[in-house]
Amino acid sequence: MSRPKNDTFLRALLKEPTEYTPLWLMRQAGRYLPEYCETRKRAGNFLNLCKTPSLACEVTLQPLARYDLDAAILFSDILTVPDAMGLGLSFGEGDGPRFARTVRDEASLAALHFDLDSLRYVFDAVTSIRRALAGRVPLIGFAGSPWTLACYMVEGRGSDDYRQVKTLLYQRPDLMQRLLEQLADAVAAYLNAQLDAGAQALMLFDSWGGVLEHDAFLRFALPASRRVLAQLKRHDASGARVPQILFTKGGGLWLPDMLDSGADMLGLDWTMDLGRARALVQDRVALQGNLDPMVLFASPEAVAAEARRVLDRFGRPQREDGSWGGHVFNLGHGINQHTPIESVQALVETVHRHSRGLR
Ligand code: CP3
């Protein structure tokens with residue numbers, strides 16, 4: 001049951017005592033880093049970068065070489081799963097993802113076939129990254145939630161109004177449920193394969209859960225995420241616990257509903273107050289978040305002040321009775337590509353320093 005040298009992230013996630021609040025950043029390997037842009041250029045394009053394990057490994061490690069982050073996250077994308085279902089993914093220069101085919105009716109749903117073996121490049125990347133990390137910090141594996149993947153598969157691309165996917169949901173709820181169930185089983189198999197390859201925590205990104213109305217979130221998105229989490233292995237081959245994280249953008253109000261999702265930690269965007277969130281979940285799960293990524297465009301002093309505020313809102317992790325709540329510091333969504341790199345340095349230093357004082 002070997003844990004990494006720096007296991008602060010895993011300890012916070014499992015609500016064990018820690019000396020400071022660990023942090024990592026969503027999209028920590030990305031275009032705000034000049035070295036990422038350089039490697040991406042060598043790869044030719046973003047998908048080649050994802051599909052070449054040695055390059056995916058290289059960019060995963062880049063933010064850790066610069067900053068004292070407490071976890072690494074596999075470099076890949078959530079859309080590899082619909083790609084492996086035959087939808088034909090591409091990323092045009094300067095614009096977002098596109099699928100050659102969409103899923104909007106019986107026939108296109110029936111045509112989906114998930115080929116887990118075609119994702120071997122992801123599992124190979126996980127194995128190389130684990131080896132390269134040499135136990136320095138834990139490695140997070142991830143996937144998109146069924147609902148968030150369905151958004152891209154039905155729309156065929158990113159969307160502002162989710163018109164197609166919501167049309168399907170209201171018009172053919174039966175088809176939507178079948179799509180979500182099929183996706184949940186594929187995503188579970190995919191995450192378990194990442195665990196077998198060496199991932200030490202698993203995160204489900206429900207980036208678009210928050211675009212649903214209350215009842216639809218509870219009827220479609222949440223049960224589909226729960227179906228994924230219920231199928232995940234909880235330990236690796238050595239017997240080490242592999243904790244699970246569920247991030248729902250815009251999901252703050254649903255925290256009480258997500259308590260029994262199966263996740264050990266719930267991720268929050270910046271709209272939720274961490275103190276209020278903690279009161280809602282009563283430390284039954286750990287919380288991850290939730291600095292507004294745009295704070296990083298302010299001065300290093302302002303970044304430090306906002307980071308301290310987030311930590312203070314969560315409060316002292318240790319409770320009156322001696323048990324611990326868990327907080328992993330993160331942004332409320334992915335880091336913006338234009339972020340000044342000095343801001344990240346100020347953030348990392350402040351989170352580590354200030355959180356020691358909260359113990
Ligand atoms: O966090 C990390 O460092 C790991 C890597 C990671 C990427 N995408 C790399 C990426 C992770 C965890 C993701 C998840 C992802 N991908 C999500 C869920 C998280 C979220 O942001 O809500 C979503 C919705 C996607 C789909 C996706 N991928 C979109 C919409 C885009 C285009 C938007 C953009 O930022 O350009 C991507 C591309 C993408 N995925 C990039 C990176 C670093 C930028 C691509 C590039 O280098 O050109």
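So, the ring cluster: Tyr36, Phe46, Phe75 and Phe91 are linked into a cluster by ring pairs. Two rings of Phe, Tyr or Trp (its six-membered ring) pair if their centres lie within 6.5 Å; planes under 30 degrees apart are called stacked, over 60 edge-to-face, and the rest tilted. Keep in mind that this is a predicted model, where local features need pLDDT of at least 70 and side-chain atom pairs count only at pLDDT 80 or more, while totals for chains, interfaces and linings use all residues. Residues are numbered from 1 along each chain as its sequence is written, and side-chain values use heavy atoms, with hydrogens and water left out.

By that ring rule, the count comes to 8 aromatic pairs. Take Tyr36 and Phe75: their ring centres are 5.6 Å apart and the planes sit at 55°, so this pair is tilted. Tyr36 lies in helix α2 (residues 34-43) and Phe75 in the loop between β1 (72-73) and α5 (80-83), so the pair ties together parts that are 39 residues apart in sequence. Helices (H or I, at least four residues) and strands (E, at least two) are DSSP runs, numbered from the N terminus. Both Tyr36 and Phe75 are buried, meaning under 20% relative accessible area, with exposed over 50% and partly exposed in between (1.4 Å probe, protein chains only).

Now a stacked pair: Phe217 and Trp254, 3.9 Å centre to centre with 5° between the planes. Phe217 is in helix α11 (residues 214-231) and Trp254 in the loop between β6 (244-248) and α12 (255-258), 37 residues apart, so that's another link between distant parts of the chain. Phe217 has 1% relative accessibility, so it counts as buried; Trp254, at 7%, counts as buried too.

Back to Tyr36, which has a neighbour in Gln62. Gln62 sits in helix α4 (residues 53-66) and is buried at 9% relative accessible area. Leaving out residues up to four places away in sequence, Gln62 touches Leu33, Glu35, Tyr36 and Thr39, where contact means heavy atoms within 4.5 Å.

And what about the ligand? There are 22 residues around the ligand, and Arg27, Tyr36, Arg40, Ser207 and His333 come nearest; a residue is near if one of its heavy atoms lies within 4 Å. An oxygen atom of the ligand lies 2.6 Å from a backbone N or O atom of Arg27. A polar side-chain atom of His333 is also 2.6 Å from an oxygen atom of the ligand.

Conventions
Polar contact = N/O pair within 3.5 Å; in protein donor to acceptor, adjacent residues only side chain to side chain.
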